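Biologist: I would like to learn how to read pockets in a model. Please take me through one case.

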Amino acid sequence: MDFKDLSYVVAIAKHQNITKAADSLFVTQPTLTKFLQHLERDLGQKLFRKLGNRFILTYAGERYVEKAIELLNLKKELDQEMRDIVKNNAGSLKIAFPMMRGTYMLPCTLPVFNSRYPNVKLDILEAHSSLLEGMLLSGEADIAFFNLPIKSPDVDFEIISHEEVLLVMAADHPLACKGVCREGCKYPWMDLHLAQREPFIMQLPQQRTRQTVERIFRECSFVPDDIKLQTSNISAAVDLASKGYGLFFVTETHLKHIRLQQEIACFSVGSPCTTVDFVAATRKGSYIPYHGREYIQIVREFT
């Protein structure tokens, strides 16, 4: 058994299809099929069971893939560390961002990084923030950037910045004049109970800002009467709020990078305001190469 064997089994498990796995590995489907047959024969047990065209892991297969991922990650980390030791500044780095944040952070950070490390290949992954922890744990990503909280104890993080979560609405909304000055608030403070009967636009439950908003609701014993729309599209939601479609919660940093045709009013909420931590997260115990640390610093400088 070698690392190639491990990567073959992990690919089949990921795609649940021999043809797609073979394409991702740049081998032929018969080659991959024959490999799996020989491996299962040598092991004396099945790693997969077939459901139609899908290859589903058996219990033995789940254990095999779990350990295979650990070994492949160790090899990748060793390779990175050796490259650092010889100081050739070459290698690869897999960076993951939430989709909205990636739209404005990547154009500002990648050119700077590339000018310093032209021999480092960057793979950029974009997904909902709820998926990023899993991408770190599986080794699919080396570094992921998102807002706290973190659920897994196997994920480490360092804080990049603090961001305020704001309530936004159309500038001419009747509530727009109800904000009050309050110590500790950069924006006028809004009592959410004034918006009890207002329609709200909400992010999806798995998105971290939505989870923060739910916490705000619990802390102030507030339940909106009308959630008019749920969407993962933050830019569209802010645009809709500017046109009076509903009230929306968004982080201050996102708001700075959204171009609007109509003005909005922004308010602090919470006790007295609500901030979240934007972090760079890694798999606990993983080796982060020098150029990975440098990319984190570039993101910190941009933020």
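Modeller: Start with the second largest pocket: α5 (99-116), β5 (143-147) and α7 each supply at least two residues of its lining. Helices (H or I, at least four residues) and strands (E, at least two) are DSSP runs, numbered from the N terminus. This is a predicted model, where local features need pLDDT of at least 70, side-chain atom pairs count only at pLDDT 80 or more, and totals for chains, interfaces and linings use all residues. Residues are numbered from 1 along each chain as its sequence is written, and side-chain values use heavy atoms, with hydrogens and water left out.

Biologist: Which element gives the largest share of that lining?

Modeller: α5 does, with three residues. A pocket is an open set of points on a 1 Å grid over the protein atoms alone, where a 1.4 Å probe fits, with protein on both sides within 12 Å along at least five of seven lines; lining residues have an atom within 4 Å of a point. The second largest pocket has a volume of about 270 Å³, the space filled by probe spheres set on points joined across faces, edges and corners. It is lined by 17 residues, and Pro98, Met99, Met100, Gln207 and Ile234 are the closest to its centre.

Biologist: How do the lining residues of the second largest pocket divide by type?

Modeller: Ala, Val, Leu, Ile, Met, Phe, Trp, Tyr, Cys and Pro count as nonpolar, Asp, Glu, Lys and Arg as charged, and the others, Gly among them, as polar. By that scheme, this lining has six nonpolar, nine polar and two charged residues.

Biologist: Where is Gln203 found, and is Gln203 buried or exposed?

Modeller: Gln203 sits in the loop between β7 (199-202) and α7 (208-219). Buried means under 20% relative accessible area, exposed over 50%, partly exposed in between (1.4 Å probe, protein chains only). Gln203 counts as buried because its relative accessibility is 5%.

Biologist: What does Gln203 touch, not counting residues up to four places away in sequence?

Modeller: Contact means heavy atoms within 4.5 Å. Among the residues that Gln203 touches are Thr209, Gln230 and Ile234.

Biologist: What is the volume of the largest pocket?

Modeller: The largest pocket has about 950 Å³. α4 gives the largest share of its lining, nine residues.

Biologist: Where is confidence lowest?

Modeller: pLDDT is the predictor's confidence in each residue, from 0 to 100. The mean is lowest in α4, at 84, and highest in β7, at 98.
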